[in-house]
Amino acid sequence: MIQQERYATTNRHGYSVRYSPFSPTIFACATAQNYGIQGRGTLFILDYVPGTPIRLVKAFEWPYGLYDVTWSELEEDVVIGGGADGNIIFIALNRANVPRLILKGHTKEVYSIDWSQTRQEQLLLSGSWDHLVKVWDPQAGNLLSTFTGHTNKVYSVAWSPRIPGLFASVAGDGSLCLWNLQQPAPLAAIPAHSCEVLSCDWSKYEQHT
C-alpha cells in the first residue's frame, strides 16, 4: 500500500511544486489565495522524509499570488517564485521574510519560470500573461532577451535538459513554440491544440523530444 502524507496550505491554493536539486527531501510549493484571482501568495518550503510527517521549513509571504517556483542551480538555499504582480522573486532560506532579489520586466502575471538545467549556462526563463517569454541572467539580475511570437497568455516555459540555449513554451493561443537564444523568432511554432495549452516538458531520455 502506498503511504500518503499531507500538508495543509490553509487559505492558499497550490499552483506549482518543485523539489530542490540539492536535497532529495526538500521541496517548494507556490500558492495563492482565492485561486489566484486576488489576494496574497505564500511560498512554502517543506521537508519530507518517508515515514515522518511533512515538516515546514519556511513560509515566505508575498502581497500577490505566486504561480510558479523553481530552484537555483548554483545555491542550495535560493528559491525563486513567479508572481501575479509580474515580478520574479528570489528568496534565500537563511534570510528573513525579505526578497533577496526582485526581477521586474513583465507587465502581467508571471505564470512559469525555469532555471537552465545544462551546466554550460546559468540562465532563468520566464513566461507571462503579457504574451512574452524572457531570459534573465540571475547572477547579475539583468534581463538578457525578450521573445515574441505568442498571441495569448504564456502558461509554461521549459529549458531543454540536454541542448544549451534551447527552450520551449506553450500558451493560450494553442501553440507550442521552440526557441534558441540566438534567434528572436521561434525555430518552430506548432499548432498543438485548438484551445489553451497549459504545460510543456522535455523528454529526459531523447534529446530532441
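This section describes the overall fold dimensions and the salt bridges of a predicted model. Residues are numbered from 1 along each chain as its sequence is written. Local features need pLDDT of at least 70 and side-chain atom pairs count only at pLDDT 80 or more, while totals for chains, interfaces and linings use all residues; side-chain values use heavy atoms, with hydrogens and water left out.

The chain contains 16 strands and 0 helices, both being DSSP runs numbered from the N terminus (helices, H or I, at least four residues; strands, E, at least two). The radius of gyration is 17 Å, which agrees with the value near 17 Å for a compact globule of 209 residues; it is taken over C-alpha atoms, and the globule rule is 2.2 Å times the number of residues to the power 0.38. Buried residues make up 47% of the 209 residues (buried, under 20% relative accessible area; exposed, over 50%; partly exposed, in between; 1.4 Å probe, protein chains only).

The whole structure holds 4 salt bridges (a side-chain nitrogen of Lys or Arg within 4 Å of a carboxyl oxygen of Asp or Glu). One of them joins Arg12 to Glu61, with the closest N and O atoms 3.2 Å apart. These partners are 49 residues apart, Arg12 lying in the segment before strand 1 (13-19) and Glu61 in strand 4 (residues 55-62). Arg12 is buried at 13% relative accessibility, whereas Glu61 is partly exposed at 28%.

Arg18 pairs with Asp114, also in a salt bridge, at 3.2 Å between the closest N and O atoms. This pair connects strand 1 with strand 9 (residues 110-115) across 96 residues. Asp114 is buried at 5% relative accessibility and Arg18 is partly exposed at 27%.
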